[in-house]
Amino acid sequence: MRAKRIALTTALLGAFAVCTLAASVASAGVDHDRPGSILIFPKVVSSATRDTTIRISNTGNMTNQVRCFYLDGDTCGTIDFDLSLTKQQPTQWDVSNGRTVNLLDSFGSSGAGLDPGLIPAQGDFEGSVVCVEVVDDVPVAQNKLKGEAIIRDVTGGDDRNTSAYNAVAITSGTGSGTSDNELVLDGDEYAQCDTVHRVDFIPDDSPGLDPVLGETSSVVTNVTVLPCDLDFSRRAPTSVVLNATLWNEFEVQTSGPDTSFSCWASFSIDPASLNPATTFATVEYSASSPVVMVVESFHSDTGLGVSGSAARNVHTGGAASTSSITLSATP
Amino acid sequence: MRTQILRTAAIAGLALGVGFATGAPASAQSVTTDEAAGYVVFPRIVSDANDIFSTGTEIDTVIQLTNTAADPITVHCFYINATGTCSTGTNTAGSPAAECLTVEECVGEGATCDPQWSAADFTIVLSPQQPTGWVVDEGLSVPAPGDGAIPPVNTDYFVGELRCVQVNDDADATPVNSNDLQGEATIYEVSGSTVDVRSYSATGVQAVLEDGSTQNNKVMCLGGRDDAGGDCVEDDLGDGDDREYAACPAKLVVGHFFEGAFVGNNNSAATALTLSPCTADVATVEPTGLVVQFLVFNEFEQRMSGATEIDCVETVGLSELGLVFSANVQGTLAGQTHLRPVDSTGAGRGMIGLVEEALGGAGLSVSHPNGIGEGGVDVVEYVFPLTP
Amino acid sequence: MLKKARLALFAGIVGLAMGPASMAQAQTSSDESAAILVWPKVVYDSAGVLFGDPTDTLINLSSTATSSLKQAHCFLVNATAHCSGGSGDGDACLSSSSCGGGTCVPGWNEIDFNVFITQEQPLAWLASDGLSMNDLPIVGPGVCSNSPRICFSDVQCGGGTCQIGPNGQNNLGTGVPPVPEDPFIGSLTCIQFDPGQNPPAPDQSATTNALIGEATVFTVPDPNTVDGAKYNAVGFKATEGDGADTDNVLELGTPLDGAGAPTADYDGCAGTLIFNHYFDGATDPVATGGVSSSNGETSTSLTLVPCGNNLLTQEPGAVVAQFLVFNEFEQRFSASTKVDCLFDSPISNIDTSNNARSIWSAGVSGTLTGQTRIQGVGNAATGTGLTGVATLSIATATASTSAAYSLDQMGSVAAGDLLTIP
Amino acid sequence: MRGLKRNPWLFGLGLLAIPVWFGGQAQADINNDQAGSLIIFPKVVADGERDTVIKITNKSNMPAYAHCYYTNALGTCDLAGSSCTDDNDCPGTGDSCNVLWQATNFDIFLTAQQPTFWRVSTGRFGDLLQPACEMGGSCACDVNGPSGALECPGFDAGAAGGINSIAIAGTGTDFFGELRCYQTMADQSTPLGQNSLVGEAIIETIASGQISTYDAVHVTGIDVGTDLDLLLDNAEYNACPEQLIFASHGEGASADIAGVTTTFSTELTLVPCTALYNLAQPVTASVNIFAYDELELRLSADGVPVTCFSNNRLDDPDYGGIFDAALGDRDYLKTRIVVNSSDICLTGDNAGDPCDDDGDCPNFRTTDGGEDLGCRPSPGVVGVVEEFYSTSAGDSGHAAWSLTQTGSRQGSDIIANPDLAAGSLP
């Protein structure tokens, strides 16, 4: 009756003994350069033209159980799934396909290797992924997670809109970590996020503006922002206001339009207030509450009608502040 | 000294270069790609604006450098040129500097492609909050109220790095204890039909003190402090903060696809690793040699290892480091590699780097490795003004 | 005339207000996890020989345990009757009328099997297929606990253990046979066992009452139409903490303690079953007025099984079911019939083989809907408790559509029931 | 004859008998298969394509009065104009579903042991002279010309008592929502814990005649007060469950049923236990939904809102694809619906927001019975599941069944009724 289904389990979800978890001493931080206990991929896209491959590695020598959340930028709804990474195990999945659990995936295929867990597919998606180290659904910080997101161009044409960025890694704070579903990012339980971010960019309105592509070109710099105050248990979107202060190469300071959003936002930098616009400029966003950001610039040759993209992490301005991430309860 | 410039499909870059002052109690200062710093390194600068070897692709790099302080700052920078040159003085392009990627670009019997390591420095002034930027092939005259001139890279085909230090003034150029620099690099590869772009944040090495005071010499101790003789020695961060800069990490961890893995819609993966020793003796223009051990883990959590040697900043394709990086050997798409310098010739052992990934048909991207642990003491020494 | 009838009826009923039936809420339930599950109606008829259209039943069994492997020890009761003598000798039958002169003799035999179900796991199988080794979801290979080596057993792990299943639990040991006949009608009873005991015994631990079940009876009148009638299995909760019931006699509801709670192994069977229904032959109200459909007459079939059984001596429970039927004029009729192992019949054939003259016929009761209360009586050692399920069908232009629903339950059988297992 | 109800003698008798009745009620959880003083029909459809027949029986030997509320959750898409119950039902992006959440209420009266039924779209006409069916003839309702209500043999359940009048009004053919009835005293308003109502619903697809039946959710009265607030807190009435569980096919799974390839799709209907009829204001509950497959692997959707009435197929965007059968060949799933129990403001300016105390809920309302509707545990939910089968020729049969319940929320769900006498009905 049932299609023969060799759905073989990965026993790894508990295969290697989970040793006692001594949170290794690591300096507290929210950045892109160190393994952490919370990984945030602010910009995750799955559409007709682009897909995202998420790569997570356990840099520790103990099994690391992880609870991951897809946060939909439109509805602010979240779904979550569980991963179990053995020591030093890297894993990856395409957001559009998710990943199943089948030990007999063929050698070299996208499912080859110890499947970390069942990962749902997200066909038409724009939002973030947040992953938290846990033990049996209880947050316990090992600070061993590292991640990258590769947003791939899937058109197969001449566009090269492929970019990569490092996941924001939040380490445990100076305290003893948490044991409930409310992760307080106050420097004690977990490191604090920042409210000030600076982005160097090429403004999108002076003629012939891409310094390499010349006359027939345009550059659009897209900023993706996710508040560090997240409540997955109630779909309660956090409202944030971003004040923008811009400087052009002549050091002329202007104030850009405020950007207010709730839950998640992805917008292009508005250079209109630059006076005048110069080839290079910088913008400082001051947020009403702590956020994490990633930037992706799209460089187009309007003559050829093709574009290329490049993403990178955003500099923080040293104004850390407290926020909290509330996970949904489990049965 | 082996300078490897990948000619294969352009490589998307993953910045490799972040080490951290960890292990010690929470150190406010670190080697970071997302905070302002007093010393920034752009480990991967590539320029071939005129496609001198007729590959069909023009390559260029745009540097952005911004003063995040409310006061003007003076910045002293060094281009370090690691481009290979033909021993016979002649290359297939006939370019004056006879640049080469491999011996194939050299003309003449017995020719060899010898890596070089030379520095060219310049000093600029950035006004408060002033952003600036330039195409490395063209250089720039910093617009008022900033000041200073940035020369173009000194060879038609250029591979190397850029290091910039916040200094006291443009006459003396001694490092100061401040962290106000923020930088990004964007590498363009433009062919007849495609525009491919990848960008990374410069790696900042933060000064421990932030009082703006001028340091006592041009010997920058990363993870250490000056001794009486002006050399760098070990320093325990907790004892009075006389350590000058954060230490480079003890090892780097890179996430990557294995070579030839088919990702997404059959995009074949190829990854290039750029490693730049933290230690740099620009005074004597002596390259820093490091032996680097790598441990490679696949998704079956099987482990393989190997080692390589780098002489100064070097970009190497994972496929050139051995079959351990081949998807046909490892059998899975994703891999994790730990890189640890195991041998040093007396110099420090920290590294800064970049990971560039090419997905055939999809494009290029760059991201950072993570740094783990705290390395030893690294030294960056330069002389200014250069005695003619 | 009507006025007097209603007054009398009303006055008469008041007298009943003080009736004996204990108003305690029934303890069996069809919407809570339990330790014993009963699926009263399991049918399979590939060619529609017995039930008119090709029929099959999908059985769902799920665990609500959050941390441990559970075992369900199940008994599939085959109650298919066969013709004795006559031209249809040996054929399956529902009534003697189809035996060509022979008589339709009820049958009763049972097959038992084990299902090992892991924590939170949903399992399902079609009665016609059962569950073979190839259908089991968690049977390996696993991975050695001490190295990333794929394995089927500990031997291959050199000292480590071969971990099959995400939490080290797997379905090995499970085997569900297909139903033994085509056509087939019967019932299924599963009892939660504790696999940790040696030998496994009925589970009275703190994590008992971890099974839930449903069944969907599919009828396929033509290749383009699949009709389903789904109902929840009836559950008997184990009274936790009473220690493992190592003897093979499972007490359902006897005796009761002072507060009316059973001190026996399991909650009691319902004292009274109540079900709302259309009287047979009533015209579907959705075929009348408003936006109407072309469908026509309704018919309801009732399936009853005794709560108690002696599976050791292969003696089925035998209960006399007494029915009180009320129509919408509050007029009351009554009837009774014998439930021997399994009773399945259109309600208008409970009291007669002539549907039109049955008290469950709309023409006799006078209204479209009614209420039937069922109580078991008798002196069988296995007890007088009954449980069951009702199935409504509506004749449409092309075929008939069906839907199943649970019987409402009230009170519990004072004397309790006994389920004896091998 | 219907005047009988107003006869003081009988009225008095009715009251006399009631107090004797309710001692010694053993407490049972909220359930689907035992009688209750409050019955909830979570899914009632009368939208022109499907219709519903409600069957209620008074299982006691005493008459039973009840007050009922239809809540219509069928709205229209602002841009597309089509019918919807939430935004995801509206085609295209940026469209939203405009729902009025209209609650219409009516009374029913059942004599001892009386079963009754009515068809939701047409309602039922009260005519005691409607002849009983005869043996050999058909037994069907007639259509009352002017009103379109069905005239059927037997005492109707209308409380109006008039002959030749609408006993139970029809909703017409654009209704999709829920029905709730609570037992009352003869005044048809004061709550009464008689625990004698048993209900079932039959949902029928008009064109094909396919039917689904499910048992109503029965809430047992324990110690029912006389104020108009029904507290489902295991003291006055049984509390709603902490978790609801159901097993289903993976959404879009298919199997060979008696030789026919059948594809399965499941529709989940949830309604909050709390209802504020005195304020005509929708209440939002929040649930976390966990889907386990045969490999025990778990995917979950967090904080899914249930505003007044939620009716979605399992491939609805709100569930984020966690039920998708194609992901890893998931034929069978078991789903836990866990009620989010943190405190929220039930009414006031911050309705729906988390809170610590009433101070966080400015301008919260209070019921006529004096119950504060400020910072309270998030409402519980009850519901029903319906499964749809399709073959290569298109949609075919369907079947509904009750959700399994575990745990009992000590949370204080409340059904706040308006004071009918004070005419404060919205």
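Helices and strands here are DSSP runs, a helix holding at least four residues and a strand at least two, numbered from the N terminus. The views below all come from a predicted model.

**View 1. Chain B is built from one helix and 31 strands.** Welcome to the first stop on the tour. Of the 388 residues in chain B, 64% are buried. Contacts between residues at least 6 apart in the sequence of chain B tell a further story: 75% of them join residues at least 24 apart.

**View 2. The largest nonpolar core takes in 429 residues.** Look for Leu222(B) and Val381(D), the residues that touch the most other members of this core. The element that gives the most to the core is strand 19 of chain A (residues 281-301), with nine residues. Another core, of seven residues, lies apart from it and includes Leu50(C), Ala81(C), Ala92(C) and Cys99(C). As background, nonpolar side chains tend to be buried together in soluble globular proteins.

**View 3. Chain C meets chain D through 91 residues of chain C and 94 of chain D.** On the side of chain C that touches chain D, strand 15 of chain C (residues 225-232) gives the most, with eight residues.

**View 4. Strand 31 of chain D (residues 413-416) has buried residues pointing both ways.** Asp413(D) and Ile415(D) point one way, while Ile414(D) and Ala416(D) point the other, and all are buried. Strand 31 of chain D pairs with strand 17 of chain D (residues 229-232) in the antiparallel sense, over four bridges. Within strand 31 of chain D, Ile414(D) is the residue opposite Leu231(D). Strand 21 of chain D (residues 275-276) runs parallel to strand 31 of chain D, and two bridges join them. Here Leu276(D) has Ala416(D) as its bridge partner.

**View 5. Three strands of chain C form an open sheet in the order 10-9-11, with antiparallel pairing.** Why is one side of strand 10 (150-151) and of strand 11 (162-163) of chain C left without a neighbour in the sheet? Both stand at the edges, each with a single partner strand, so one side of each has no neighbour there. Strand 9 of chain C (residues 142-144) and strand 11 of chain C run antiparallel and are joined by two bridges. Take a look at Cys144(C), which stands opposite Cys162(C) in strand 11 of chain C.

Note on methods: Residues numbered from 1 in each chain as written. Chains lettered and ligands numbered in written order. Predicted model: local features only at pLDDT ≥ 70, side-chain atom pairs only at ≥ 80, totals over all residues. Buried ≥ 20, exposed ≤ 12 C-beta atoms within 10 Å, placed from the backbone. Contact = placed C-beta atoms within 7 Å. Core = buried A, V, L, I, M, F, W, Y, C linked by C-beta atoms within 7 Å. Pairing = 2+ DSSP bridges.
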